[in-house]
Amino acid sequence: METRIEQIMKKYYGRVIDQCTNEELFQGLMIMTREEMEGRKSITGKKKLYYISAEFLIGKLLSNNLINLGLYEDVKKALESHGKNIEEIEECELEPSLGNGGLGRLAACFLDSIASLGLCGDGIGLNYHFGLFEQKFENRKQGERKNPWITERSWLEKRDVSFEVPFRFFTARSTMYDIDIPGYGQEGIDHLHLFDLDTVDDNLVGETSIDFDKQDVAKNLTLFLYPDDSDRSGQLLRVYQQYFMVSNGAQLILKELEDRGYNVRTLPEHVAIQINDTHPSMVIPELIRLLLIRGVTMDEAIDLVSRTCAYTNHTILAEALEKWPMDYLEEVVPHLLPIIHELDNRVRATYNDKSTYIIDDTNRVHMAHMDIHYGYSVNGVAALHTDILKDTELHNFYKIYPEKFNNKTNGITFRRWLLHCNPQLASYIESLIGPEFKKDADKLEELLKYADDTAACARLAEIKKDNKRVAADYFKETQGLDIDPESIFDVQVKRLHEYKRQQMNALYAIYKYKEIKAGKKPVRPITMIFGAKAAPAYTIAKDIIHLILCLSDLTMNDPDVAPYFKVIMAENYNVTKAGKIIPAADISEQISLASKEASGTSNMKFMLNGAVTLGTLDGANVEIGDLVGKDNIYIFGKKPDDVIKLYETSGYSSKDIYEKDELIHELVDFIVGNEIIKLGDKESLERLHHELISKDWFMTLLDTKEYIEVKEKVYADYEDRAAWNRKCMINIAKAGFFSSDRTIAQYNEDIWRL
């Protein structure tokens, strides 16, 4: 390996390893890794999966690829012999900006597992030049800037594949780029196909904001993931993006089917399409359109597509199920409208239930309805989520198609979230139970025999402390923040949304601040760590970030409080930062309003790395609790059925709670009290204060008091170190179920049948 790296460095840089910079070594290792992957054959099969998703949050790829190719240890040793550190070299890599939150990270884990199980399956998405945005904190607020990640030499490989995509006012010609996906311990590779447009102009976007001319679609189509849709032109741009993605995908699917020598009439036998959330839903009418062009009748085209497409629902939030006004589709893709009308007419002719129609009374097209009627599988992503879909949110569809509904609880790839981000823990686990858990995560259960071994459990705490030091150093280096590695790390990192209730965690921070100011100091220092981006047009979410950043400055700069309690927020939270923070966490905050989080996947990552969950009975928290037992998780808050009933009866009033409960009143008013107002923006803080009292749609105040009570118990329990370490061991031992390899094996067995 040393010779191989040396040859590459001499060839490209004319220098030996010792003389090369970390940046040059990163480029050289990327070249070597790409050559290794290009020398391997694509995984083939009689039937192929196409996983279509608007997001693929794949993270940095160098170490992940080296691990999957079985080269990581050899490369690490070869570099170490020259005094070079692979982790420092990794820092030179720009993280591909192709996703935002759990949806995109899940898609990335799934691609890894599809390849690792040796399945023939590729991803299809868009090649966003600037991703979502780069988050910059300015005046204790979120600022947004473009996030350029595509360099002259990157993991992207331009392919000789191109399609024409017809829009109403112009026709776009695409360019396809591939990112190779090697499976762990597999000889073959799969691919992520990303479509782009050569006419896109990066110069439309300035350096200090993410504003651009949203109407010049030929120049802006793939600039950003989820462009601001607070106006019509932004909403139309989303329709353009979605159609561009699915038209390219559908054309690629039929091209590859025909290239393999199969007749398009055998589509369901040789192709499975997974529609990841509603963004790719137009693949259904587009595939029908392309089959009609090939001479297939409407009846047969609809039948073929209905036996090829499967839909994953990722949300219980009605506003997240896309509904596009018909006039938008008329403006962008008029050629799809006759097909969409035909699909809707067939539903109307068969079912006398307006709630299941594709086109509603206000002339909006319900994407999820199209997916359910004209796909053969509908799956939720956690047991509770799927039950809620069946019983309430999609109940009318479940009555029609009970056989289509199934659950596939999400998973994460342990290669990324244990082997890569926590090598010390992975090495320790291997010393206890051997290496088989790397391939078969269920083997982690063998750690249970060490649950009562005090010394074995204490070693977990030592590893955690080392990871805390790494995280503390990282925050110091990147944001200039001083954190005590001896403190409890209490972490909530995820997309900023009111239903995830970062605002409730902020109310706890206010509670703890006031307690310390009153002289009640905690036994051990506490560091509360947040990390989140808010959608640029989501005003209240940005107000919550502003409050958290004000609390950060308040706690950091108060000499009475700082030694005991600090609030910090990771700037521009992404996969790389998650890899530093998650291994260091003691407490995993999963506090969404019960019945609103479809699954969650950070809860699985924290569990795998030995953090203990503090959460509601929501999403996959329910399954985590079932696996670890009630003594190894902290559950609080109203149950899903109670919450659903409160919505149905309009039985929740935040104003009542605010007016009747003295403590809640005090905490909420602190948001507009002198300490915060002098640090913050009065308008933003007053808006958030008003929202909590007058609306509070996701019932923050409903669970706040119990949350404070249970969180105080968590901190107290942490001081019984032996008992806490035992909880950590049990959480790691029971994490195997949440491997994405298990999830993908179930998708394949029940849905794709590759």
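**Close-up views of a predicted model**

View 1. In α10, the residues Val283, Ile284, Pro285, Glu286, Leu287, Ile288, Arg289, Leu290 and Leu291 are buried (buried means under 20% relative accessible area, exposed over 50% and partly exposed in between, with a 1.4 Å probe and protein chains only). The helix spans residues 283-293 and is mostly covered, with 9 of its 11 residues buried. Helices (H or I, at least four residues) and strands (E, at least two) are DSSP runs, numbered from the N terminus. Just after α10, Gly295 has a positive phi of about 90°. The model is predicted: local features need pLDDT of at least 70 and side-chain atom pairs count only at pLDDT 80 or more, while totals for chains, interfaces and linings use all residues. Residues are numbered from 1 along each chain as its sequence is written, and side-chain values use heavy atoms, with hydrogens and water left out.

**View 2. Strand β1 and its two partners.** Two strands pair if DSSP finds at least two bridges between them. β1 pairs with strand β9 (residues 271-276) in the parallel sense over 5 bridges, and Ile52 stands opposite Ile275 in β9. β1 also pairs with strand β2 (residues 121-126) in the parallel sense, over 4 bridges. There, Tyr50 has Asp122 of β2 as its bridge partner.

**View 3. The sheet with β17 and β20 at its edges.** This open sheet has 6 strands in the order β17-β16-β15-β18-β19-β20, with parallel pairing. β17 (565-570) and β20 (634-635) stand at the edges with a single partner strand each, so one side of each is left without a neighbour in the sheet. β20 is paired with strand β19 (residues 612-615) in the parallel sense over 2 bridges. In that pairing, Gly615 has Ile635 of β20 as its bridge partner. Helix α31 (residues 721-733) packs on the sheet and touches β18 (587-590), β19 and β20 (contact means heavy atoms within 4.5 Å). The direction of α31 makes about 90° with that of β19; axes are lines fitted to C-alpha atoms, for helices over the stretch in contact, and angles run from 0 to 180 degrees between N-to-C directions.

**View 4. Helix α24 and what it packs against.** In helix α24 (residues 621-628), the buried residues are Asn621, Glu623, Ile624, Gly625 and Val628. These buried residues pack against α15 (383-393), β18, α23 (602-608), β19 and α31. Gly629 follows α24 and has a positive phi, near 85°.

View 5. Rolling a probe the size of a water molecule over the atoms shows where empty space is left. On a 1 Å grid over the protein atoms alone, a cavity is a set of points where a 1.4 Å probe fits but cannot get out, a pocket is an open set with protein on both sides within 12 Å along at least five of seven lines, and lining residues have an atom within 4 Å of a point. Grid points are joined across faces, edges and corners, and a volume is the space filled by probe spheres set on the points. α3 (62-69), α6 (102-116) and β7 (171-182) each supply at least two lining residues, and α6 gives the most, with 4. The lining of the largest cavity divides into 6 nonpolar, 4 polar and 4 charged residues (Ala, Val, Leu, Ile, Met, Phe, Trp, Tyr, Cys and Pro count as nonpolar, Asp, Glu, Lys and Arg as charged, and the others, Gly among them, as polar).

**View 6. The second largest cavity.** The second largest cavity holds about 90 Å³ of space. Its lining includes Ala54, Leu126, Tyr128, His279 and Glu322. Helix α8 (residues 232-259) provides the largest share of this lining, 4 residues. By class, the lining has 7 nonpolar, 3 polar and 2 charged residues.
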